[in-house]
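Hello,

Here is the structure you asked to have passed on. My notes on the packing follow below it.

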Amino acid sequence: MLNRLEEQAPDALLALIKLFTADERADKIDLGVGVYKTADGATPVFEAIKGAEQRLVDTQDSKSYLGPEGDLGFVNGLIPHIFGDAASDDGRMDGMQTPGGTGAVRLALALAQKGGVTRVLMGTPSWPNHAQILGDLSLELVAFDHANSDGTANMDGLRSALANAGEGDAILLHGCCHNPTGVDYTPAEWDEIAALLKDSPVIPIIDLAYQGLGQGMDEDAYGLRTVMAAVPEVMVAYSCDKNFGMYRDRVGAFYVQTADAETTSRAISNASALARASWSMPPDHGGAAIRIILEDAGLTQRWLDELTSMRERIGEVRSTLAASGTAGSVDLTPLGKQRGMFAMLPVSKEQVQQLRKDHAVYMAGSGRINVAGLTLGNIDAFVAALTDVTG
Ligand code: LMR
């Protein structure tokens, strides 16, 4: 029976990890998967995480089951950082731990579907796994263009997508650091989005996977908090992959806000049932380590300081790239205005291949680069390679 299955192509982004590792050229540059690198090109474990993990080893007295909602100390500890003053304490909002941000996106979409959603509006290009999860759940993707060619967000596309939507529709929005374009909504645009959603039956699902890596913890949550204040029902998919550096430990959280505590409790009971049927319960270790950080003021400050230095380094790389002006036919100046780890370069698939073959520069076939893969040591080589291939 299984011999009827058709071969699937490996995930294009994840395949880059293997290709890059296998390349023996010493000057290779990894701009593929979204992993933060220091100025030395390393991806170290956060010091705050190391401290928390040590404490976990010393104090954990059992690895017995928790439950489908995972570590609620972790889930609740994140709330003030994510939601700030927008967090309601009247039972209208609740959350649970998930295996990474991917688990949270999947859970939000599956719950929306259980509640009657059949179509999901989404600005494209988007993180490729968004469309993959929608396809896997047989949800219809209603795409609109996310960005204008001048590097601003395409508000007209979003307005018309919402104007043509109705009951049974959800909209999937990136909270900050848009992946792959780096084009975020401005606070004024978020204000408008919140006002449009207020008058619409479309339920927002906000994917917040890079909080703290754009402009700051509060600034990066502006859109999410503004939408939550405007509409009764919102779902949030949160990832700790990047802002706690927990990539392989798979740490994420799902939050839901509804009009009343009773509906929220029912929503969480359904989410728990979906989780149980899928992954049963999330892996504990990473969430427990983050809980320990969030319970300790000193470790929390260390984490926030580490995050600040990452954000500042990404900003420096962006300004250096923008200051290069053009590289061949590629205008790098918009990168100075964009946020987060990613940017889309107007290069063809052939040029991406040539960058890899001739210059050992690895980037996604879509033209996306991970800005955080560049350092002051390799940025000139990257700009020269881009100039060579596109000039
Ligand atoms: C990325 O977009 O590179 C990251 O979010 C990693 C992933 O899982 O795709």
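Two residues are counted as in contact if their C-beta atoms, placed from the backbone, lie within 7 Å. Please keep in mind that this is a predicted model.

With that contact in mind, start with helix H10 (residues 261-278). The buried residues of H10 pack against strand S2 (93-99), H4 and strand S8 (251-257). Those buried residues are Thr 264, Ile 268, Ala 271 and Ala 275. Seen down the axis of H10, they fall within an arc of 60°, so they line one face of the helix. An α-helix has 3.6 residues a turn, so residues three or four places apart point the same way. Glu 262, Ser 265, Ser 269, Arg 276 and Ala 277 are exposed on the other side of H10. The helix has 18 residues and spans 25 Å from first C-alpha to last, close to the 26 Å expected at 1.5 Å a residue. Just after H10, Ser 280 has a positive phi of about 70°.

On the core: the largest nonpolar core has 111 residues, and Ala 108, Ile 205, Phe 254 and Val 371 have the most contacts inside it. Helix H4 (residues 100-114) supplies the largest share, eight residues. Domain 1 (11-45 + 298-390) and domain 2 (65-295) each give this core at least three residues. Leaving aside neighbours within four places in sequence, Ile 205 is in contact with Ala 108, Leu 109, Ala 112, Ala 170, Leu 172, Met 235 and Ala 237.

Last, helix H13 (residues 349-359) buries Val 352, Leu 355 and Arg 356. These fall within an arc of 90° seen down the axis of H13, so they line one face.

Regards

Conventions: Residues numbered from 1 in each chain as written. Predicted model: local features only at pLDDT ≥ 70, side-chain atom pairs only at ≥ 80, totals over all residues. Core = buried A, V, L, I, M, F, W, Y, C linked by C-beta atoms within 7 Å. Buried ≥ 20, exposed ≤ 12 C-beta atoms within 10 Å, placed from the backbone. Helix = DSSP H or I, 4+ residues; strand = E, 2+ residues; numbered from the N terminus. Domains from an automatic or database assignment. Arc of directions from axis to C-beta. Expected span 1.5 Å × (residues − 1).
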